Amino acid sequence: MQRVWIIAGFLSAVGLLSGFVWSYGYRQALSQLSDKAEADLELAADRLSTQMQVYQELAVLMATHPALHALDTPTQVHDAQAMLLDVADKTAAVNMMYLDRKGRVLVAAQPVTQRDMSAHPAFRRAMQGAAGTAHEVVPDSGDRIYSYAAPTFAPSGQVEGAVMVVADVQDIEQTWRGSTEAVFFVDSDGVVFISNRSDLLFWSREVGQSGLSPPEGAPVDFAETRVGQHELWRLNWGRYLPRDALHLTLELPVIDMTAEVLVDVAPARRLAGLQAAAVAAICLAFGAMLYLAMERRRTLANANTVLESRVAQRTRALTQANTALRREVAERQEAEAALKKAQAELVQAGKLSALGQMSAGISHELNQPLMAIQQFADNGTAFLERGKGDRASENLGRISEMAARMARIIKNLRAFARNESEPMGRVDLVQVLKTAVELTETRLRDDDVTLEWEPGQSAVYVWGGEVRLVQVFVNLINNAADAMLGRPKRHISIVMHEEDRLRVSVQDTGPGIEDPDRVFEPFYSTKSVGSSEGLGLGLSISYGLVQSFGGEIRGANTADGAVFTVELEPYGKEEAA
């Protein structure tokens, strides 16, 4: 029960504080609105006074025009009328007229129905030697007009007539109609004559309080209250006028009117409400925090126990997951090592397969120098027995050349057959192509295949491995030779292009590639089933080797065969990167 009384007292205090904050904030917001509305009202009043002053000054200036003082002949009257019409058109005046002392219209820019203006207030003021003003509503059209009259003086100094300028109030309103605030101007009778809200026209405050209706509005719902120094109006005149408004006035003796403005106070109320709500929310939040602090302390021990239990469970689960992850990583590392070993063995198998295909030619290539060495040795012995030392020396030189040739062949074979494990580095591409040509020279000669290749004079260095690059080009040359078996024309051309990336093209005159998209797939072959010429792994191995060097290999058909292009990165470019 005590807790309930504490909560009720706290809520009451919050309500009183919020009410005080709302009242204070509302008054402050009204003061700010009042300052802004006062500035807007002065701006609107200055604008109207300036626009109306133009027509007053026009009447004063036209009063001294010589054409209005010489109206003796019809021609002079016609010229004066044309002059007044031109000035009225240029200044947007409704009408301009010249009156004599008796108020009769002598000449006018537009036709007038009332020729006698002697009773007009502005004219009567002008007859007293001062500028006269008057406003009225035209009975027939309902237009609101403002008239200015300036006296004209005879040479003797007496008033002899007046120039009257008539301005349309509606044209003046168009320049500031639709402004944010409702501004209206009340004449000396208390009637609204000018406004940027048509609902307020011709409304009188005194008449409105008696319960009458505005000419174009709903029944008047008007009440006046004060909040501090501010006067507030309550209206119910449609959506174009605020329901609750701040009212300010400003006297304008120049045009004999009072400027008034109505500013919607809804924003001030919303601002005060937000401030009060913010204070109430802060107080309620503070009270709620105090209330919840004790509840939280009471439940903290239970929550801590539950949390520790969940942490222990989560720790066990993470430990198990970590153990499983380590086991999976180890299995993946073992699988990756096995894959690399299998790839290396596959590459080596490809080399041995190529050596097997070239074995017959290699045996023949080694057998020929051996037989020649035996023959040259026997001849050298015979020349020595006959005492022909120079001929014996010539045979010994030939034996040395044959031995060098055999050593070069064996060196290439040993380098090609070994399992290269050195990292990639600088490789002379010209020397690689020379080695590949030498390794396949015997096979090409046996198969009656011509090879066109012209090595350059200088070395060209690329990024890769020497033995593996030799294997790539040996595979390409052997595949080209295999494709041309049984063809009437058997020709292979090797061309090297030195551009941004080095390109080597190996082109043959075979039947072409049946399926270029699958040519680098493992075990893809166009040879007959059971053929001893390979398993279709040569191009797949070559593709993997070139990719490992950061290069590309692709195959395409030509008009008379197929072409394989190998692109490699220059060694200097890779080193700079």
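Helices (H or I, at least four residues) and strands (E, at least two) are DSSP runs, numbered from the N terminus. The views below show a predicted model, in which local features need pLDDT of at least 70, side-chain atom pairs count only at pLDDT 80 or more, and totals for chains, interfaces and linings use all residues. Residues are numbered from 1 along each chain as its sequence is written, and side-chain values use heavy atoms, with hydrogens and water left out.

**View 1. Helix H10 and the residue Gly-550.** Helix H10 spans residues 538-548. Gly-550, which follows H10, has a positive phi, near 80 degrees. The buried residues of H10 (buried: under 20% relative accessible area, with exposed over 50% and partly exposed in between, for a 1.4 Å probe and protein chains only) are Leu-539, Ser-540, Ile-541, Ser-542, Leu-545 and Val-546.

**View 2. The crossing of helices H9 and H10.** Two packed helices are described by the angle between their axes and the distance between the axes. The axes of H9 (residues 466-483) and H10 come within 9 Å and cross at roughly 145 degrees; axes are lines fitted to C-alpha atoms, for helices over the stretch in contact, and angles run from 0 to 180 degrees between N-to-C directions. In contact (heavy atoms within 4.5 Å), residues of H9 including Arg-468, Gln-471 and Asn-475 meet residues of H10 including Gly-538, Leu-539 and Ser-542.

**View 3. Met-96 in the largest nonpolar core.** A nonpolar core is a set of buried Ala, Val, Leu, Ile, Met, Phe, Trp, Tyr and Cys residues joined through side-chain atoms within 4.5 Å. The largest has 52 residues, and Met-96 and Phe-185 have the most contacts inside it. Helix H1 (residues 2-62) gives the largest share of this core, 14 residues.

**View 4. Two aromatic pairs.** The structure holds 2 aromatic pairs. Rings of Phe, Tyr and Trp (its six-membered ring) pair if their centres lie within 6.5 Å; planes under 30 degrees apart count as stacked, over 60 as edge-to-face and the rest as tilted. The rings of Tyr-146 and Tyr-148 have centres 5.4 Å apart and planes at 35 degrees, so this pair is tilted. Trp-463 and Tyr-571 form a stacked pair, 5.5 Å centre to centre with 20 degrees between the planes.
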